[in-house]
Amino acid sequence: MRQLFLAGAFAALGAGILFIADQHEKANDNPVSRPEVSHPVAVKASVHAAGRIEGTTENVLIRPQFPGRIQSVLVTRGSRVDEGQVLFRLESKRYEAQRDLAAAMLSAARANRMRLIAGARESEIEAAKQETVAAEARYESSRTRFERASKLLERNAISSQELEDRRADHDTNLALLLAARERYETVKADPRLADLMAADAEIASAEAQLEMAEIDLQRCSIVSPCPATVLAVDVNPGEWISPEMPQAALVLSNTERLRVVADVDERDALTVRPGQSCEISMDASPGQFFQGVVAEIEPRMEPKKIYGGWAGERNETHTRRVWIDLTTEVTLPIGLPVEVMISGTPSS
């Protein structure tokens, strides 16, 4: 009897537990009954990052466009250069000769076209006319001799071989007469359209050759692509240089406006935004601070490359690179290490 009582009690207890579990599950499935949980917005006071000073653009590597021997170097390290200013020159005698040759070929092509338009000179026309008259006289003489020889052959006064000689002389003089007349007509005629088109094409080809020769000659003078400061000069007069060489001839930096490039740690990568204000400090000038604004943010993460060396800094990490425009007018060397404090914003 006691065993039946215990079995009934356990059955009732199990049914109650199942009922409670079912009601709890239904309550969880009902979205209305779920309480809304609000997540507080985390605010980070500032972001600490290591950086360095650079110019408006990253370093500009200067190489020639074709190999050659350096004739002269016109700048030194630290010198300021303007856009278009000559940095160094290559030996150019070969390219000067190519330019002169192309200029001569262009002059010859233009003279040929002018000759076609002007036509032959009066003396050439008169000479062609006199040649025609002389050819007609020779032909008439040979024709008369051939006709006389034909009559003499009928009377057996000459041999057939002599008649053939007279015939050959007659035919030769006739061909010379026709050629002289054609030459005379050609000298007097106006230039043909095809001849003028060919002359124009020859001029255009010569002009293109001259332009290419002048471009090659200009490229012997390597100029600065922008206003910049010369960071490095690794060539000397007399050296052979090629664009395939791994080391650039000169290294420039556009220092018209200084910027700071900094690496933001991956844990702070989503808290930086364009337009955030920054405070820049450096060991080279303790206690002095410069102001800046975040201008660009790189859309990818890469292993850390810029290190600050302060206590607790993470080294083996990925970072997001940012570029900061300095709002303070200041002259600083390129590559100077700095510390950056970027003012925090609420993170979404």
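Predicted model: local features only at pLDDT ≥ 70, side-chain atom pairs only at ≥ 80, totals over all residues.
Residues are numbered from 1 along each chain as its sequence is written, and side-chain values use heavy atoms, with hydrogens and water left out.

Helices (H or I, at least four residues) and strands (E, at least two) are DSSP runs numbered from the N terminus. Helix α2 (residues 93–118) packs with helix α5 (residues 193–218) at an angle of about 165°, their axes lying 8 Å apart. Here axes are lines fitted to C-alpha atoms, for helices over the stretch in contact, and angles run from 0 to 180 degrees between N-to-C directions. α2 and α5 are therefore roughly antiparallel to each other. Their crossing is left-handed, a term applied if the near helix is turned anticlockwise from the far one by less than a right angle, with right-handed used if clockwise.

The expected span of a helix is 1.5 Å times one less than its number of residues. For the 26 residues of α2 this gives 38 Å, which agrees with the 38 Å between its end C-alpha atoms. α5, with 26 residues, reaches 37 Å from its first C-alpha to its last, close to the expected 38 Å. Buried residues (under 20% relative accessible area; exposed is over 50% and partly exposed in between, with a 1.4 Å probe and protein chains only) in α2 are Tyr 95, Ala 102, Leu 106 and Ala 109. These residues pack against α5, where contact means heavy atoms within 4.5 Å. In α5 the buried residues are Leu 196, Ala 199, Ile 203, Ala 206, Leu 210, Ala 213 and Leu 217, and their cover includes α2 and β6. An α-helix has 3.6 residues a turn, so residues three or four places apart point the same way. After α2 comes Gly 119, whose phi is positive, near 80°.

Helix α3 (residues 122–154) has 33 residues and reaches 49 Å from its first C-alpha to its last, close to the 48 Å expected. Its buried residues are Ile 125, Ala 128, Thr 132, Ala 135, Tyr 139, Ser 142, Phe 146 and Ala 149, and α4 (160–188) is included in what covers them. Asn 156, which follows α3, has a positive phi near 60°.

An open sheet of 4 strands has the order β6-β5-β3-β8 and antiparallel pairing; two strands pair if DSSP finds at least two bridges between them. β6 (221–223) and β8 (240–241) stand at the edges with a single partner strand each, so one side of each lacks a neighbour in the sheet. β3 (residues 68–73) and β5 (residues 86–90) are joined in the antiparallel sense by 3 bridges. Ser 72 has Arg 89 of β5 as its bridge partner, and Val 73 has Phe 88. Because 4 of its 5 residues are buried, β5 is largely enclosed by the rest of the structure.

A closed barrel of 6 strands runs β1-β10-β13-β12-β11-β14 with antiparallel pairing. Its neighbouring strands are turned by 40° against each other on average, direction ignored.

Key:
Parallel < 35°, antiparallel > 145°, perpendicular 65-115°, else oblique.
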